[in-house]
Amino acid sequence: MVSTRLVVYVSMAASAVIAAAKFVAYLLTGNVSMLSQVYYSLADVGNQILLLIGFRLSEEGESRKHPFGRGKEQYFFAFFVTVLLFGVAGYASVREGYGAFGSAFLDVDVRINYAVLGVALLFESYALYKSYQGVDAERRRERFGSLPATFRHTKDAPLLVAATENLVAVVGVVVAILGVYLTDVTGNTTYDAAASMIIGLLLMGFALLLAWESRSLIVGEGITRAERADVLSAMTTVPGVETVLDLRTMHLGPESVLVTAEISFADTFDTADVEATI
């Protein structure tokens, strides 16, 4: 099974390798769509580092200050990453693209762009494949019906962020290739500028979706319907339990849940029986 941490490591390695190559290609050709790709790759490296910090802090366990542990550190850093994705990579790409409209065409050899973007597409596709494996494993484990349902209901925010970033990265590379190609064959820099803006808008749009999901987890989401049914079934099959009057849950992290319940016991139970059953 693909772990969330492995997905993050693969994403970080892919972004780090291609960020430098993209920057060299930008310096040689001046294509702003390449510069927007550099912004994204650098932001992606920083984002994965932040997610790993969230993993590390969430493992410190309970303390007097944090009696229920620090599992929600992962949710905080996932939210922080979406803010950076929106504010740094997305906005910078839109700004560079807007500023490039009407710029003069430079007759340069863009083959290095194709080479770099082709390699980037391979790396990002592999990272996306590993992300898909992680998300699909989450879907099957939590019995979600589809990948969109997994996006809406999963409690593993770091996995969601990494997978979404990888998806946007692949789409962004394809858009950048089209922008470079159309500008090169037509001599019109509008295509290059538009490609940069499209990449930025994609980043900003997905960042808003991720921020909304992370916000809900930070506030405190309960377990899924299937898990709730399992918990109720487990409680009601215990001898002496007549009715579960109220059940409330809250995720304290992807793998940690706080559960409280109000239960009606059999009238024949005395205090010792109730304590033993609880």
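Two rings of Phe, Tyr or Trp count as an aromatic pair if their centres lie within 6.5 Å, with the six-membered ring used for Trp. By that rule, a search of this whole predicted model turns up four aromatic pairs. A pair of aromatic rings is described by the distance of the centres and the angle of the planes.

**View 1. Phenylalanine 23 and tyrosine 26 make a tilted pair.** How exposed is phenylalanine 23? Phenylalanine 23 is partly exposed, with a relative accessible area of 39%. Tyrosine 26 is partly exposed too, at 22%.

**View 2. Phenylalanine 76 and phenylalanine 80 make a stacked pair.** Here the ring centres are 6.2 Å apart. The angle between the planes is 20°, and planes under 30 degrees apart count as stacked, so that is what we call this pair. Look for the two residues in helix α3 (residues 73–100), where they are four residues apart, about one turn of the helix. Phenylalanine 76 is partly exposed, with a relative accessible area of 44%, and phenylalanine 80 is partly exposed as well, at 35%.

**View 3. Three phenylalanines gather in one aromatic cluster.** Which residues form the cluster? They are Phe76, Phe77 and Phe80.

**View 4. Arginine 215 lies over the face of a tryptophan ring.** The ring belongs to tryptophan 212, and arginine 215 is 4.2 Å from the ring centre.

Note on methods
Residues numbered from 1 in each chain as written. Predicted model: local features only at pLDDT ≥ 70, side-chain atom pairs only at ≥ 80, totals over all residues. Heavy atoms only, no water. Phe/Tyr/Trp six-rings, centres within 6.5 Å; stacked < 30°, edge-to-face > 60°. Buried < 20%, exposed > 50% of the residue type's maximum accessible area, 1.4 Å probe, protein only. Lys NZ or Arg CZ within 6 Å of the ring centre and 35° of its normal.
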